[in-house]
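Hi,

Here is the structure I promised to pass on. Have a look at it first, and then read my notes below.

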Amino acid sequence: MALNIWTKFPSKIKRILTVLMFFLFSIAVTIAGVLTPLTTAEATEINEELKQMQDYVSSADMFRGTTLIFGNNFVLCLSFFIPFIGPLFGFYVLYSTGVVIAAESIAEGINPTLTFLLLFIFPFTWLEFLAYSAAFAQSAW
């Protein structure tokens with residue numbers, strides 16, 4: 001029955017629904033990373049590695065730092081378009097991002113779930129999840 005309803009949708013609606021499905025699944029995978037239990041030692045270690053990366057990006061001039069961040073996200077997003085492998089790699093990246101969010105939150109003494117939810121105040125969070133979801137959907141199609 002459900003498959004019969006799906007076949008009646010226009011192609012454009014199917015694509016939008018697929019992107020929305022991947023959007024929700026991407027958030028769920030990232031939340032799974034945020035909810036991963038970490039010891040204080042693990043959180044501190046991850047946080048130190050993150051600070052080293054932040055120092056490297058901050059030491060560059062503003063244009064180079066922005067280019068590094070954009071380039072990293074661009075290459076990751078391009079890899080998500082690869083059929084079958086792309087979404088698997090993408091979900092690993094999103095899960096790892098959740099773990100890093102949790103580690104930084106734990107090191108700062110803040111609830112990791114709250115930190116993750118507060119990221120949605122910023123437009124870049126919405127844009128990244130939408131871009132990644134579009135790449136996953138295109139990979140699936």
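I'll start with Phe-84, which sits in the loop between α4 (62-79) and α5. Its phi is positive, about 65°, even though Phe-84 is not a glycine. Most residues other than glycine have a negative phi. Phe-84 counts as exposed because its relative accessibility is 64% (exposed means over 50% relative accessible area, buried under 20%, and partly exposed in between, with a 1.4 Å probe and protein chains only).

Before you go further, two notes on the source. This is a predicted model, where local features need pLDDT of at least 70 and side-chain atom pairs count only at pLDDT 80 or more, while totals for chains, interfaces and linings use all residues. Residues are numbered from 1 along each chain as its sequence is written, and side-chain values use heavy atoms, with hydrogens and water left out.

Now the overall picture. The protein has 7 helices and 0 strands (DSSP runs numbered from the N terminus, with helices being H or I of at least four residues and strands E of at least two). The C-alpha trace spans about 50 × 35 × 30 Å along its principal axes. Of the 141 residues, 30% count as buried.

Back to α5, which covers residues 85-108 and packs against α7 (residues 123-140) at an angle of about 155°, with the axes 9 Å apart (axes are lines fitted to C-alpha atoms, for helices over the stretch in contact, and angles run from 0 to 180 degrees between N-to-C directions). So α5 and α7 are roughly antiparallel, a label for angles over 145 degrees.

With 39% relative accessibility, Ala-107 is partly exposed.

Last, the surface. Ile-5, Phe-9, Ile-13, Ile-16, Leu-17 and Leu-20 make up a nonpolar patch with about 470 Å² of accessible area together. Patches take residues with over 30% relative accessible area and no salt bridge, joining like charges within 9 Å and nonpolar side chains (Val, Leu, Ile, Met, Phe, Trp, Tyr) within 5 Å. A salt bridge here is a side-chain nitrogen of Lys or Arg within 4 Å of a carboxyl oxygen of Asp or Glu, and accessible areas come from the Shrake-Rupley method with a 1.4 Å probe, where for residues only the protein chains shown count as cover. Helix α2 (residues 11-34) gives the largest share of the patch, 4 residues. Ile-5 is in α1 (residues 2-8), and is partly exposed at 42%.

Cheers

Notes:
Angles under 35 degrees count as roughly parallel, over 145 as roughly antiparallel, 65 to 115 as roughly perpendicular and the rest as oblique.
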